[in-house]
Amino acid sequence: MSADETLLTEWTYAAAFSPGLLWGVGVLAAIGIVLLAVAEARLSRAGIVALIALPRLIVVAAVLWMLVGLSIRTETRTAHRAAVAVMTDVSASMSVRDPVSEDFPDAREMRWAVASIDPAIRVQLSALDGATACAALAERTLARVAGVRPDTEQLSDGADELERAAALIVASAEQLDRFLDRSGSGDEAALRQQAATIRRVLRDEVAERIRTLQREAPHAHNDADAPRRERLNEARQATADVSERLAHVAEAWTAHAAHHLSPTVMDSWRTAAEQRRFELLEAWTNDRAGGWLAGLERRADLHHYQFAGSAWHFAGGAWPAADEPSAPLGPENAGADFEHDDPARLVTDLAAPFRQLAADASAKPIGATVLLTDGAHNSGPDPVTTAADLQLGPLFIVPIGRTEPDRDVVVHHARAPATVFENDVVIVEAMLDAYDLVGRALTVDLHCDDVLIESRTIVPDAEMFVARLRFEHTADSPGHRRYTVAAQPLPDERVQDNNEARLDVEVMERQLHVLLVDRLPRWEFRFLSNLFKRDPRVEAEVALLDEPRAPVGWIASGLPETVSQWEAFRVVILGDVDPHELNADRQEALAAYVRQGGTLVVIAGSASMPTAYQGQPFERLLPVQRCTAPAFSDEYQLFLTRVGLETPVTQLEADEDANRRLWREQITVHELSPWACPRPAAHVLIACGAASAVAPGADAPALLSWHHYGRGRVVYLAAPVTYQLRQRFGDQYHHRFWGQLLRWAVARRLAGGAETVQVRTDKNQYAHDEPVRVSVQLADLDRQPVRSAEVSVEATQDGRSVGRVVLHEDGTEGGRYVGVFDALPVGTVALTAQGPQVAALLAGEGVDTPAQARVQIEPALHKELRRTQCDLALLTRLADATGGLVVPPTALEGLIAHLELDADVAVTYATQPAWNRGWMLWLIIGCLSVEWITRKLAGLA
C-alpha cells in the first residue's frame, strides 16, 4: 500500500528547573567569575584576565545548557492511501452471450454498450445514473443514522454520517448539472425538466433538512430523541423519494435515447452487445482514458481479484484480462467440451472473494469493494452471511447479464432401475425445468423402444418452473428396453437439444433361483428367508447347516460339490458357513462358478466367515482383505461413497441427502469383521468411519463392497446388519435393498452379448467428460476362457463410428480384455466387440447379432450453466447486508468520485536530547585545561 511521509522538526524544553532560575544562576555565576578573574589579575599581569575568565564562562554556559535539557522532537506524518477492492467474476457463466433485443437496445444493453455508441450519450447516462446512485447511497446513510437505538447511543453520534449524507446529496445535484448542460426537445425536454425539478428539490429541500439535523447534532440528547428522530426519518424518506424519481427519469431517458439511435450507431451497438459477458466487462474495465476506474486509481490503491470456485489476488499489477475459453459456454451449447477449461471455473462461490479479501486486508481495512458478477452463486456458504460477518465495508455491485431466464425446457436427472423382472412395473422418473413459459402448455411423452406409452400436459405457473415427472410401465417380456422421456419442443424455445433423456433397462425372466445358506438362524438370515418366501419373483432354497432336521433339496446331502450344481442357482448367499461344510473342493467349484458368470454374496460372521478361510481358495474370491489397523472403540458411522451414490443397489431414496441420512441413521454397526479393508480393485459402496467422523478416512473399512471375479461378481457385507432397515419401516427399505442388489448383481450376466462373448461397462450412464471403461469376456462353448485374442471395441452412434479402442488382456483373469474410451459424444452409444476370435465364437454359438453394450452419455450440464441469468435478487440482498448498492456500470464513475476515500494518516514522534553530546564533555575538559595552564604560567595558585 503506497504511503507519503512528511517530517516536522522542533526544539523542546525538558529541564527540571525553571528558565528564570537558570538565567539568574547564570548571570550571578558570570559576575562572580569576572570579579574573581579581575582580582587574580592584580596579582599577576592584567592581560591574563580574559584567558582565565573566558574558559570559566564557557564551562558555566555548558553546564547551564545541560541543565536546560533541550531536545529535538521530530514529527513524522505517514499518509496511507485508501484501499479499494475490485472483484471480477471469471466463472464459466461469464462466457455466455446474452440474447440481444431485436429492435432497440434495452436499458441493460444500452449501459454496457454505451461506450461504443456515442460519447455524449455516455456522459449524460453516466450523470443520470451517478446522480441516482449518490441519492440512493445518501438514503442508506440516513437510514443507518435513524437506526441508532436511543437507549444505547445518542443521535449526536451520527454527525459524521449526516455530513457524509449531505455531501452525497450535493454530489447528486452536481451530477444533474452535468446532465442538464445539454439541451433537448420533445420528450427529452420534458425529461430534462423533471431532472431540473429534482435538482431543485435536492438542493433546497433535502439538503436543508440534513443541514438542520447537522446543526442540532451537538445539542441532541436522549430525552429529545423522539422529535429529532421523526425529522431524521422525514429527511430519509424525502431522499428515498428523490432517488426513486431519479431512477424513473434515467430509465425513461435511456429508452428515449435507444429509440433515436441512427442506423450506423445501431450497427455499432449490436456488434458490441453481442459480445460475451467477460468481453463486455473487459472492455469496460480496461477503458483507462476516463471513467470510474481511472478516477479510482488516482485516489486509492486498487486490489484486483478474480474468482470462480475460488478467489485469487493480483498484487499491484495491471488489470487482469479474462482468459479466452476454448468454446462459448452458453446454454445453446451446454454440452460443449470443457476439457481445456479450468474445472474451478465450472462453479461460482460468491463468498470466496470475501474470505480472500478478509485474509489479505487484516492489516489495513478496505474502504470500499466493487463486485462485478452475474451473481450465479452455486457453491460454498451463503455469500450474504459471509459478507455481513466479515464486515468488509460497503459493497457496490455491478450486475452483468440478463435477469430474465431464457425460454427453455430442460429434461434432466432421469432415472429408472437398470434391471427389472418380467411383468414388473418400471418406474421412470425425471425432472423438468421450464423457463419463461408461464401459462404455456407443455407436452411430455414417454416412449419405450420408439413406441409412445404415455403423454402428459404440464402448464408452468412460475417463471422458473420445476416439476418432478413419474411414469409407470409394465415390462411384459424379457430383453433390452430403451425408455425416452421427451418434452415436445416449442417453436420459440431457445435450446431444443436438452428436451429429452434416455434410459436403458434390462428385463429379466420372471423368477430368480437363489441359494441362502447359514450356520445359525441369525437375524439377517431370518429376515432374508422370510423376504424370499414372500417374493414371487424369487425361488429360494434356504438351509441352516446346524439345524438338527436334515435340509431338503440340494442341501440334503451337503453344499454343492461341482460347478454344475452351483450353477443351478443364479445367486448364492453364504452366511457364517464353516470350512468343514465348505471344504477346499467345494471352494474350488464355487470359484469356478463365479468365474464363469455366477454371483456370490458373502455375509460376514463372528465364527467362521471369512476369518476361518484365510489361506484357502475361498479367500481369493473376496473383494476385501484383513485389516491391519485396530477397530474403532465406539460404534461405526456409515458413509455412502460416490460409487455407492451412483449404483442402484444403495439408492433407497431418490434424494441424495435423504439417502445418505437413511443409511447413516437407520443402521447401527457395533462390530465389524476384521476382514473389511477393500482390495485395490474393489468397489466400495458403503464405507465405515468413527461415530464422530464427518467423512471416512482414506483407508476406511468397507461395510459393503464388490469386485469382478472372472465373468461373475462377489458382493461382500462386513456385518450382518441390513435387517435393521426393517425397523420403523417394515419391508419398505429392506425389500428394496435386497431386490435391487439381486437384480443389479445378475444384470451383467443377461446383458452385453451372447454366452461366449460378453461386453460390459462399469455402469449404464456416464457424464460427458467421464472415461468409459469397457471389458469383453471371451469363453468357448465349454466355458473355457479364450486367451491371447485380438479384441477391439467400436463405438457407434446413429449408425456412424465415433471411436475405437484396442483392448488388452487382463493378466489377473483369463479371457477378459479391457480398454477405456476417454471421451464419447453425448447421447446413446453402442459398444460392439470386434476381432477374428469374437466373430468365430459368435458363429460357433449360432448368434447372428453383434455382441454389444449400450451406454448413455449425459451432456455436461454443469450447475454453473443450468441457469445463466443474473441473480439480481441475491445481489440486492448482498448489497443490503453490507450497506452498499447494486448499480449499473454507468453509475460507478459518479459514485466512486464522491466516496470517502480519505488517506489514513499515522503520526509518530521521535525525541532526541540535544545536551548529551560527546563534544560537550571535551569542551569542558579543554576549557578547564586552558584555565589551569594559564594559571600555572602566570604563577597563580
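User: What makes E3 and E6 a strand pair?
Analyst: In this predicted model, five bridges join E3 to E6, and the two run parallel. Pairing needs at least two bridges, so five qualify.

User: Why is E3 called largely enclosed?
Analyst: Eight of the eight residues of E3 (residues 82-89) are buried, so the rest of the structure largely encloses the strand. Buried here means under 20% relative accessible area.

User: What makes the burial of E3 two-sided?
Analyst: In a regular strand, side chains alternate between the two faces of the sheet. On one side sit Ala 82, Val 84, Val 86 and Thr 88. On the other sit Ala 83, Ala 85, Met 87 and Asp 89. Both sets are buried, and both faces are covered.

User: Which residues of H21 are buried, and why are they said to line one face?
Analyst: In H21 (residues 872-882), Leu 874, Leu 875, Leu 878, Ala 879 and Thr 882 are buried. Down the helix axis they fall within an arc of 135 degrees, so they line one face. An α-helix has 3.6 residues a turn, so residues three or four places apart point the same way.

User: What covers the buried residues of H21?
Analyst: The cover includes helices H4 (119-146), H11 (352-360) and H12 (383-390). Strands E6 (368-373), E7 (395-399) and E35 (885-886) contribute too. Just after H21, Gly 883 takes a positive phi of about 75 degrees.

User: Why is Thr 386 called buried?
Analyst: Its relative accessible area is 13%. The cut-off is under 20%, so Thr 386 is buried. Thr 386 lies in H12. Among residues beyond four places in sequence, Thr 386 touches Ala 351, Phe 354, Arg 355 and Pro 381.

User: What makes the reach from Thr 386 to Asp 382 a polar contact?
Analyst: The Thr 386 side chain comes to 2.9 Å from the backbone oxygen of Asp 382.

User: How do you know where to read with care?
Analyst: The chain averages a pLDDT of 79, with 84% of the residues at 70 or higher. Over residues 149-156 the pLDDT is below 50, though that stretch has 18 contacts beyond near neighbours in sequence. Residues 550-554 also fall below 50, with nine such contacts. Where pLDDT is low, the predicted coordinates should not be read in detail.

Conventions: Residues are numbered from 1 along each chain as its sequence is written. This is a predicted model: local features need pLDDT of at least 70, side-chain atom pairs count only at pLDDT 80 or more; totals for chains, interfaces and linings use all residues. Side-chain values use heavy atoms; hydrogens and water are left out. Buried means under 20% relative accessible area, exposed over 50%, partly exposed in between (1.4 Å probe, protein chains only). Helices (H or I, at least four residues) and strands (E, at least two) are DSSP runs, numbered from the N terminus. The arc is that of the directions from the helix axis to the C-beta atoms. Contact means heavy atoms within 4.5 Å. A polar contact is a pair of N or O atoms within 3.5 Å; within protein, one must be able to donate a hydrogen and the other to accept it, and residues adjacent in sequence count only if both atoms are side-chain atoms. pLDDT is the predictor's confidence in each residue, from 0 to 100.
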